[in-house]
Amino acid sequence: MRIRSALAAAAILTLAAACGGGGGGGSSAAPGEPVKLNFLSLAWQKESVAANKQLVAEWNKANPNIQVTYVQGSWDNVNDQLVTQFAGGTAPDVIHNDSPALSGFASDGYLLDLSGKLPAELKNDIPQTAWDTVTFDGGQGEQGVYGVPFLQESQVLIAGRKLLDASKVRVPTVDDPWTWDEFSEAARKMTKDGTYGVAWPMKSPVNKILNLALNFGGTFFQTAGGKTTVKVGPEERQVLQRIHDQLYKDKSADPAALGQGTADPLPAFYKGKFALLPAGVYLRQQVVEQAPEGFEWVTLPAPVGTSAQQGAVSQTLSIAQESEHPDEAMKFIAFFLNGANQAKLAKGDWLLPTSRTAAADPAMTTEENGWNVATASAKNLVVAPFLKVNGFDEWKTKVATPVLQEYLANKITIDEAATRLVEDGNKVLERYQR
């Protein structure tokens, strides 16, 4: 869902050992003893880990008959660990993951379908667009809900206040964002005297391009007759061509940022080397923590095309199919992800809560650090089209990443990029549909 910090690697524990014991991770309760649940958390930022542990402690204090053990995991290796644990019957009861990982585990029968267990208050507090990110075929030809979505990420623009004001461009607002044409014009006006208008860090370009492509109705995949193929038509080319134009036609995009990771351009941003940085909402935290004293910045809404839609995936909590205490696990999840608690978790992770109640929390709507703009962007999130494509990860790694990198480096044309994405991509997808 986001670029992982190196700090995450330090958090890696051997989950099999930490979650060991009887089937389902938790243990059967003897008469008079509390039910015991294991909760695998992938929180890694200091604030987020603290919020997770605080909520577990609150639950345990209020529920002596259902005790939850917090187990620290890592995004770096969670799915490999879970494969081992599911096979060995030692999976935790409650599992933190993200929605792209759920499909395979659900179809293999490792996750519980939560459809009939969701409390009405929790279900109704989260919009259907978020539930769509966790709804998959569970392997029996029927759709099920295999996690509770609670955190999402959107794209925004982080702008240096000094360069923004000096350019005299119209400052976009939530109610009146820039169009992509206005965005390009603003970047051109900000480009002068060795300063660029925008920086596009594209070391890992696929998710950013695919999510923003929805601004113009670009889906990159189409399904007909039960078969999914890659699609790169006029809609999919829009964002690709516009970014390419900023780099090589307008020369308003800093070429030094192109091969960098999301946070890598920040030192140059603080020095005024460019004015605008398109990024996920979580990057605001690093700006707050790292920007030199006196540096002023502002969060702006992402540009819009024929729509403001962006693709989304969700962080989720699921229940292992083998858990011996699924009802108690759901009670814990309902507490952990209620509106007030989601606001705490979102604040700690600098992401967007799915809960409508949480989104209305004053902490989520304050102008400080751009929370009002970030939270408002959640209304534009829809299920990412690639989320339910079998073979997407291989297509992304073996085909899309190198092709998009070559195109954005001006080594191939957009027609060549489109041909390779489709032809090589369909060869990959074909293996997953036999």
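In this predicted model, helices α10 and α11 cross in a right-handed sense. Helix α10 spans residues 206-213, and helix α11 spans residues 234-248. Two packed helices are described by the angle between their axes and the distance between the axes. Here the axes come within 8 Å and cross at roughly 120 degrees.

Helix α10 contributes Ile209, Leu212 and Ala213. Helix α11 contributes Glu235, Val239, Leu240 and Ile243. Six of the contact residues are nonpolar and one is charged. No polar residue takes part.

The largest nonpolar core of the model holds 131 residues. Trp178, Phe221 and Trp395 have the most contacts inside this core. Helix α19, residues 392-408, supplies the largest share, eight residues.

Phe221 illustrates these contacts in detail. With residues up to four places away in sequence left out, Phe221 touches Leu210, Thr228, Thr229, Val230 and Lys231, among others.

The relative accessible area of Ser41 is 0%. Buried means under 20%, so Ser41 is buried. Ser41 touches Asn52, Tyr70, Val71, Gln72, Gly73 and His96, again without residues up to four places away in sequence.

Methods
Residues numbered from 1 in each chain as written. Predicted model: local features only at pLDDT ≥ 70, side-chain atom pairs only at ≥ 80, totals over all residues. Heavy atoms only, no water. Core = buried A, V, L, I, M, F, W, Y, C linked by side-chain atoms within 4.5 Å. Buried < 20%, exposed > 50% of the residue type's maximum accessible area, 1.4 Å probe, protein only. Helix = DSSP H or I, 4+ residues; strand = E, 2+ residues; numbered from the N terminus. Contact = heavy atoms within 4.5 Å. Axes fitted to C-alpha atoms, helices over the stretch in contact; angles between N-to-C directions. Left-handed = near helix turned anticlockwise from the far one by under 90°. Nonpolar A, V, L, I, M, F, W, Y, C, P; charged D, E, K, R; others polar.
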